[in-house]
Each structure stands twice: as structure tokens, then as C-alpha cells.
Amino acid sequence: MATLDLLSINKSFGAAKVLHDISLAIEDKEFVVFVGPSGCGKSTLLRIIAGLEETTSGQIMIDGKDVSDAHPVDRGISMVFQSYALYPHLTVYENIAFPLRVQKMPQPEMDAAVNRAAEILQLTDKLQLKPGQLSGGQRQRVAIGRSIVRNPKVFLFDEPLSNLDAALRGDMRVELSQLHRSLEATMVYVTHDQVEAMTMADRIVVLNAGRVEQFGTPMELYHHPKTKFVASFIGQPNMNLLPAKVLGSDAKSLKVELDGGHQMVVPVEAGLVSKGDNVEVGIRPEHVSLGDSGLSVTVNVLERLGGVSITYGAVGNGTRFCASLPGDAAIREGTPVTLAVNPDDCHVFDANGDVLSRQAAPELAG
Amino acid sequence: MMDRYTKLQMAGIYFAVTIFLIFILLPFFEMFMASLRPLEHLFRSPYQFWSDDFSFQAYSDMWETVPLLGRYIWNSVYIATMVTLLTMIFIIPAAYAYARLDFPFKNASLAIFLGVNMFTGAVLLIPLYRVLRTMGLLNTYWAMIVPGVAFLIPTGIWLLRSYLEKIPRELEEAAYVDGASRMYTLRRVVLPLAVPGLIVVGVAVFIGAYAQQFLFAITFNQQRELQPLPAGLFEFIGYQDVTWNQMMAAALTGILPVMVIFLFLQKFLVAGLTAGAVKE
């Protein structure tokens with residue numbers, strides 16, 4: 001039951017400025033994911049919310065109260081660390097009970113609280129074991145148990161799944177989403193994995209070099225990325241970015257010639273872009289299909305995943321191009337294919353990497 | 001296997017180990033041999049390594065030659081134990097502070113600690129004597145304990161600090177986020193995980209305390225009842241002759257309890273180092 005507001009957060013380590021004027025308003029019960037490449041400042045931002053790092057300037061408000069100088073417990077946050085940070089010499093019970101022992105909670109209440117957490121996380125029969133006797137996923141659950149046991153207002157997760165293998169990570173994603181729903185808590189989750197971000201988040205914050213690139217719902221980021229960075233970061237496989245030249249424009253569309261000679265009219269607002277300018281056209285791999293006319297691509301590598309086939313190839317002057325085609329598409333490595341592109345699915349970025357507003361993109365529900 | 005050696009390499013390794021062990025252990029062996037033979041045999045010429053009339057006579061005679069021998073052995077262990085306990089009380093918070101906190105002159109003061117180690121107690125004996133006299137500690141146990149503690153703190157801080165630095169910082173951050181104070185975290189999280197390191201440092205301090213007490217004992221203490229074993233051994237040097245065999249027997253008896261403790265601790269140490277890995 002808490003809102004979390006960040007007001008103009010700045011952070012420098014010595015001369016290095018790692019966070020630039022970050023302002024976010026996170027709503028009650030929202031699951032917000034901070035995503036970005038390594039070194040973008042996402043973990044630092046989380047540690048600032050936790051109270052493990054001080055801001056250089058700016059304010060942190062939880063439930064409308066300024067907690068910038070408060071201790072983590074007084075902020076009402078709890079945190080799950082990347083390495084789980086379990087105490088190896090204590091049993092699962094003691095690990096989960098640790099925050100309550102610090103509060104000097106009476107034993108019967110503590111038993112009840114620990115058992116309730118253990119029940120939620122299916123750890124009831126593991127309470128007397130040491131962390132060393134548990135599997136990776138179980139350890140992860142113990143770490144989560146320790147964070148839920150004292151009913152914080154805001155949960156913070158610092159790349160909690162990065163130490164798990166791929167299959168377990170998928171399971172834990174589902175468990176975390178369920179946990180979020182059953183606890184009805186505000187959660188902030190840091191990851192560098194855009195799949196985790198897309199699957200779990202109510203809203204995603206894309207960070208790059210200490211700045212917020214975009215803050216929005218997963219589908220908003222997918223269909224309406226504001227910058228080239230967001231466009232290429234969200235979506236799997238990554239969006240293709242083809243250099244193009246503007247041939248002409250009107251109010252609702254832009255005529256471009258792609259690298260390789262293919263011409264098309266993309267329904268975007270031209271804005272300040274005019275004839276002769278260089279732009280980049282973004283085409284998602286899943287938005288192309290085999291056709292008679294369109295982009296001519298030489299397929300270098302073909303990955304057949306069953307349901308889909310991913311091809312990696314090159315267009316024009318060697319610009320890399322990836323396409324996601326039906327599983328049994330009749331293609332072979334080393335041969336050219338023609339890929340049809342619907343201009344309505346394309347994104348256009350100006351020389352600064354900012355998007356030109358799309359006219360044909362799907363309307364977003366809520 | 002990465003660490004497989006050829007036969008020749010193994011032979012070389014064992015040869016080197018043998019040389020090293022002989023160098024270390026031969027004095028103990030000679031002590032033992034000397035303690036077994038009658039005094040007159042020790043001065044025979046040519047020197048006989050093996051004699052026929054070995055006996056443990058010296059081990060019973062020594063208690064009569066030096067009636068306070070038991071007391072001396074006890075004093076040695078008592079002083080070394082007290083020094084170790086007191087030193088640890090000072091070392092633990094200091095090492096933790098050096099490992100985790102930031103404060104002015106941190107590196108400078110750490111370097112000074114190391115610098116102090118370069119002075120042996122001998123250089124400072126006279127000023128120390130004056131200090132102890134002013135404080136009225138001469139001829140008490142404290143005269144041997146206080147300087148012992150002072151000289152062992154620097155090494156201990158250096159040893160323990162590097163051990164504490166290896167404990168993952170995230171564990172302490174987790175405790176901090178859950179509301180634990182520094183001292184609570186130190187007591188409940190850091191120290192339990194540092195047990196192997198504490199034993200290593202404790203053992204090193206104990207050895208140091210045991211070895212250095214001789215100098216402090218003969219300078220700062222005149223009271224026979226308080227003397228530790230190394231000083232007490234002097235009583236085997238009589239006006240007429242030196243009962244070497246009894247002196248060797250007493251020396252061996254004196255270090256025996258310590259050696260037993262160490263054999264026991266060594267097992268503990270290996271077990272402690274491998275158990276409770278933090279994460280893979």
C-alpha cells in the first residue's frame with residue numbers, strides 16, 4: 001500500500017555522474033521494472049531507493065512522505081539481493097526471522113509470521129535446513145521470504161533471477177508475478193533482461209547512461225518506443241535498424257529509400273525531417289514475411305527453433321538484418337530471400353535517435 | 001587433474017619437504033634425546049648419538065630440582081591465554097572498522113600499525129619499564145600481559161582485516177536493510193562467518209604471546225611465582241652445573257599442552273574453512 005515518487009534524483013561517484021535528474025512516479029501496487037544495459041545506473045537507483053546509497057541531490061517520497069534521509073526500515077522497504085545474501089550459518093527459519101529478531105518480536109508472533117511466509121513460498125518443510133542444503137530456486141525463495149516477513153510497503157529486487165538457470169528463471173518469473181498479485185504490494189525490480197521486464201512489469205523504466213529513456217507499459221514501449229535505444233532494447237530478437245534517405249514527406253507520411261534500394265512510404269509525422277535527410281528505419285524481425293517484393297536479404301545463418309525460424313543476414317551494403325519467419329519456411333543458408341515489409345509496422349528515427357510519431361500503430365488499451 | 005606431478009617432481013617436492021622438516025624438527029628431537037640420557041653422557045667425547053641407558057628419570061627429577069616448575073608452566077599458559085583474549089577484544093572491532101568503514105587517516109594509521117611491528121620489544125624495553133613502573137604494574141602478571149597485547153595488536157588487525165574483507169558485503173547490506181545495527185550485524189552475521197579467520201588469528205596471537213613472554217618476564221618481573229616457563233627454565237642453571245637433561249625435559253613438558261591444543265585446533269580449522277560456503 002504505497003506510492004513511490006522519485007524527484008530529480010542525481011548521483012555522482014566523485015567526478016563520475018551516474019544518475020541524471022531522474023523523476024518517476026510509481027503507483028500503489030504497481031510492479032515496475034528498471035531495465036537497461038550494465039552500467040546504466042539501474043542498480044544504483046535501486047540502492048538509493050533502498051537507502052544503501054545516498055543521493056547527491058533529489059528526494060525520495062514513499063506514500064507522499066519524504067524518506068530521503070530515513071533508515072531502510074523506516075522507509076518501509078525490503079530488498080532481495082542478486083546473490084540472495086542469505087546467512088549461511090543460520091537455518092532457513094532464522095534467515096527468514098532475521099528482520100523480526102532485529103525488531104525483538106515475541107516468539108509466538110514470530111513463529112506465525114515465519115510460518116506464513118514459508119507457506120506462501122512452499123518452504124515449510126525446509127525451515128530447519130541451512131541455505132547450503134537448498135537448490136538455487138529454494139534459496140531465492142528464502143531470500144524473498146526474508147523480505148516479505150515484515151510486511152514492507154515497497155519490495156525491491158536487484159536482479160534476483162540472474163543466478164538461476166534458464167528453466168528455473170522462467171518458473172520464478174511466474175511465481176514472482178503471482179506473489180505480486182497475492183501480496184498486492186508495490187514492487188520495484190531491476191534487471192538487464194528485457195524478457196523479464198516485458199513479462200512481469202506493469203510498467204517499465206528503460207535506463208541508459210543514467211537517464212530515463214522511457215517509462216511506460218510493456219506494449220507501449222514495444223509499439224511506441226520514443227528513442228532508437230528503447231526500440232532496439234525492447235523486443236526479442238532486437239529490432240533491425242536500416243539506414244535510409246528521405247525522398248519526400250507530407251503531413252502523415254514519409255517516403256524513404258532503404259539501404260539496398262527498397263522504397264516505401266511510412267505513415268509517420270515527418271516533423272523536422274525533410275527531403276534528403278538521413279534517417280533510420282526500424283523493422284522488428286517478427287514484422288516481416290516471405291513475399292514477392294520487398295527487401296532482398298542474403299541469409300547467412302538460419303536458426304530453426306521449431307515454431308519459428310530466425311534468420312540472420314544482410315541487406316544492401318552489409319547492414320545486418322534479422323527476420324523471424326514461420327518454423328518451416330522454405331529458406332536455406334547462403335541464398336537470398338525477398339522479405340515483404342508492411343510500412344505500417346515500421347519505425348523511423350531521426351539523426352538524433354528520436355522517433356517520428358507513428359500514425360498507424362495499434363491503439364493501446366489502458 | 002590439473003595438479004598432477006611427474007615422479008621426478010614428486011621426488012623433488014618430498015625432498016624439499018624433508019629438508020624443511022628436518023631443519024624444524026631436529027632441535028625438538030635432540031631436546032628429546034638429551035632429556036632421556038643421564039647428564040654425564042651429554043659431555044662424553046666423542047659425542048654418542050645413541051646410548052644404552054636411556055630413561056625418563058629427568059622427567060621426575062625436574063619437579064624436585066625446580067619445585068615451582070608446575071607453576072611456571074601454568075603461568076606461561078595463563079599469560080599467553082590472557083594476552084590472546086585481550087588482544088582479540090581489541091582486534092575484532094578494529095579489524096572490522098578497517099575492513100568496512102571509511103574514516104580519516106585509515107590507510108595512514110594502518111601503515112603505522114605495520115611500522116610498529118618493525119620494532120621488537122627489545123628496542124622499547126627501557127621506556128616500557130618506566131611506563132610500567134609509573135603505572136605500578138611491575139612484578140605483576142599485568143607487566144607481562146600489557147606489553148604482550150600491545151605488540152600483538154598490529155599483526156592481528158592486519159590478519160583479521162583481510163579475512164573480514166572477504167565476507168560478502170551484501171550480507172551486511174541485507175542486515176542493514178532489515179534494520180540491524182552495526183554491532184548487531186557484527187555479532188550475528190560477521191563474527192559467526194569469521195570463525196575460521198578468528199581461529200587463525202587467535203592461534204597466531206597465542207604463538208606470538210607464548211614466544212615473546214620471555215623478554216618481558218625477565219625485564220619486568222622479579223617475582224618467582226609469576227614467572228613463565230621460559231624464564232623459569234633458568235633455575236636449572238645451578239652454581240655448579242647445568243642439568244641440561246632436566247631442562248630439556250621441562251621445556252618439552254611445558255610445550256606439550258600447547259601442542260595438544262594445536263593438534264585439536266588444526267582439525268577444527270580445516271573443517272571451519274570448508275563449511276558454510278556463502279554461495280557458489
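1. A residue is called buried here if 20 or more other C-beta atoms lie within 10 Å of its own, exposed if 12 or fewer, and partly exposed in between, with C-beta atoms placed from the backbone. By that count helix 3 (residues 92-102) of chain A is mostly covered, with eight of its eleven residues buried. Helices (H or I, at least four residues) and strands (E, at least two) are DSSP runs, numbered from the N terminus.

2. This is a predicted model, in which local features need pLDDT of at least 70 and side-chain atom pairs count only at pLDDT 80 or more, while totals for chains, interfaces and linings use all residues. Residues are numbered from 1 along each chain as its sequence is written, and chains are lettered from A and ligands numbered from 1 in the order in which they are written.

3. On confidence: pLDDT is the predictor's confidence in each residue, from 0 to 100. Chain B has a mean pLDDT of 85, and 92% of its residues reach 70 or more. Within chain B, helix 3 (residues 69-100) has the highest confidence, at 92, and helix 11 (residues 244-274) the lowest, at a mean of 76. Over residues 274-280 of chain B, pLDDT stays under 50, and the model has ten contacts beyond four places in sequence for them. Two residues are in contact if their C-beta atoms, placed from the backbone, lie within 7 Å. Where pLDDT is low, the predicted coordinates should not be read in detail. For the complex, the predictor gives an ipTM of 0.83 and a pTM of 0.81.

4. To return to helix 3 of chain A, its buried residues include Val92(A), Tyr93(A), Phe98(A) and Leu100(A). Helix 4 (107-120) and helix 5 (136-148) of chain A are among the elements that cover them. Lys104(A), which follows helix 3 of chain A, has a positive phi, near 60°.

5. UniProt, in an unreviewed entry, annotates residues 4-234 of chain A as "domain: ABC transporter"; such annotations may be inferred rather than shown by experiment. This stretch of chain A, residues 4-234, is 38% helix and 26% strand, and its end C-alpha atoms are 24 Å apart.

6. Strand 9 (residues 203-208) of chain A pairs with strand 10 of chain A in the antiparallel sense over five bridges; pairing requires that DSSP finds at least two bridges between two strands. The two strands form a hairpin with two residues between them, and Ala209(A) in the turn has a positive phi of about 50°. Val206(A) has Gln214(A) in strand 10 of chain A as its bridge partner. Strand 10 (residues 211-216) of chain A is mostly covered, with five of its six residues buried.

7. Chain A also has an open sheet of five strands in the order 13-12-11-14-19, with antiparallel pairing. Its edge strands are strand 13 (263-266) and strand 19 (347-349) of chain A, each pairing on one side only. Six bridges join strand 11 (residues 240-250) and strand 14 (residues 278-283) of chain A, and Leu241(A) has Gly282(A) as its bridge partner in strand 14 of chain A.

8. Where the chains meet, 18 residues of chain B are in contact with 18 residues of chain A. Helix 7 (169-177) and helix 8 (182-193) of chain B each supply at least two residues of the side of chain B that touches chain A. Helix 7 of chain B gives the most, with six residues.

9. For chain B, the unreviewed UniProt entry lists residues 189-211 and 247-265 among those under "transmembrane region". Residues 189-211 of chain B are 96% helix and 0% strand, with end C-alpha atoms 33 Å apart. Residues 247-265 of chain B are 100% helix and 0% strand, with end C-alpha atoms 28 Å apart.
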